[in-house]
Amino acid sequence: MHGGTDALGVPAHDFSTNRNACGPCPVALAALQAAHAAQYPDPLYTHLRARLAAFHAVAVGRILVGGSSSELIHRLTQHAVRSGAQAVALPRHHYGDYAQAARVWGLRPAERGGLHWLCEPSSPLGQLEVFPEPTGDGWQVLDCAYRPLWLDGGPPQRGLDHLWQIWTPNKALGMTGVRAAYAIAPLHATDDELDALRALAPSWVVGAHGVALLEAWTTKQAQQWLAGSLQTLRDWKRQQLALCGRLGWQVVPGHVANYFVARLPLAEAAVQQRLAPLRAQGVKLRDCTSFGLPGHVRLGVLPPASQAALEQAWQAIENQAI
């Protein structure tokens with residue numbers, strides 16, 4: 001299951017995704033408008049990979065361009081299986097593509113697997129991850145989708161060079177409709193392994209607009225805009241947490257990013273009956289059943305006007321139920 005646009009179109013007040021609600025980032029938007037859509041991008045992404053490497057202060061050879069985080073999840077899973085992995089370790093609550101890719105390639109679940117997925121801040125809870133001890137064998141992969149949207153202080157100072165890292169800036173830039181991502185290989189990854197992963201990708205796995213988005217991500221102007229947006233999101237999040245308190249929703253503690261999970265004051269079976277009329281009024285929440293949290297919803301942080309729409313719609317539905 002995914003949040004966002006559905007058969008009813010784009011929700012007017014979409015709490016179901018975790019994109020930066022201050023976006024789209026003007027710098028990235030201008031870059032997309034100026035993209036050379038009539039031309040193929042460089043199939044080797046030479047300039048883009050150099051910019052991403054400089055941005056993260058890593059060697060260019062460690063950068064792997066991908067069509068999206070989901071594409072890289074499936075590609076890394078396929079590569080791990082071809083390289084001998086037989087099991088996969090998943091966070092207790094996690095993004096569904098980790099498990100889907102594991103099912104496709106026949107990996108069995110285990111507490112420690114040849115392939116080990118991590119996500120920090122976690123999805124859907126937005127909490128700190130429990131990191132295993134670095135072993136140097138297998139494939140430990142950290143999904144960094146929400147790392148740029150850390151609102152409570154900043155990410156902990158962790159050494160990440162022993163992990164594969166997947167970065168998807170479209171969420172932080174508020175432009176999830178543009179699909180583009182990249183991975184940073186661990187220091188112990190060999191040239192042969194990186195060549196094998198690149199060979200698994202189709203030609204031009206990222207188009208001109210994805211290249212423009214990723215290049216814009218590395219600019220000082222985009223990072224300044226992001227830093228300013230985080231303070232706005234902190235203010236909106238405080239207001240949204242207060243709204244949940246007024247509605248009697250029990251927020252799961254420990255969240256550090258621009259989203260959180262709350263338990264609704266309803267029987268688990270009644271949650272869908274409540275979410276459907278909300279969606280009909282243009283307000284969409286993310287049902288957390290597929291995350292293993294029935295009776296809960298995930299809410300991305302939205303502006304006060306959307307919060308007011310949620311409160312009004314919820315109260316109207318409650319009044320009808322009385």
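Asp235 has a relative accessible area of 29%, so it counts as partly exposed (buried is under 20%, exposed over 50%, partly exposed in between, with a 1.4 Å probe and protein chains only). The model is predicted: local features need pLDDT of at least 70, side-chain atom pairs count only at pLDDT 80 or more, and totals for chains, interfaces and linings use all residues. Residues are numbered from 1 along each chain as its sequence is written, and side-chain values use heavy atoms, leaving out hydrogens and water.

**Exercise 1.** Identify the salt-bridge partner of Asp235 and describe the pair.

*Solution.* A salt bridge requires a side-chain nitrogen of Lys or Arg within 4 Å of a carboxyl oxygen of Asp or Glu. Asp235 meets this with Arg238, their closest N and O atoms being 2.2 Å apart. Next, locate the pair: both residues lie in helix H7 (residues 220-247), three residues apart, about one turn of the helix. Helices (H or I, at least four residues) and strands (E, at least two) are DSSP runs, numbered from the N terminus. Finally, Arg238 counts as exposed because its relative accessibility is 52%.

**Exercise 2.** Determine which parts of the chain the salt bridge between Arg147 and Glu120 links.

*Solution.* The closest N and O atoms of Arg147 and Glu120 are 3.0 Å apart. Arg147 lies in the loop between strands E6 (139-143) and E7 (164-167), and Glu120 in the loop between E5 (115-119) and E6; the two are 27 residues apart and link distant parts of the chain. As to accessibility, both Arg147 and Glu120 are buried.
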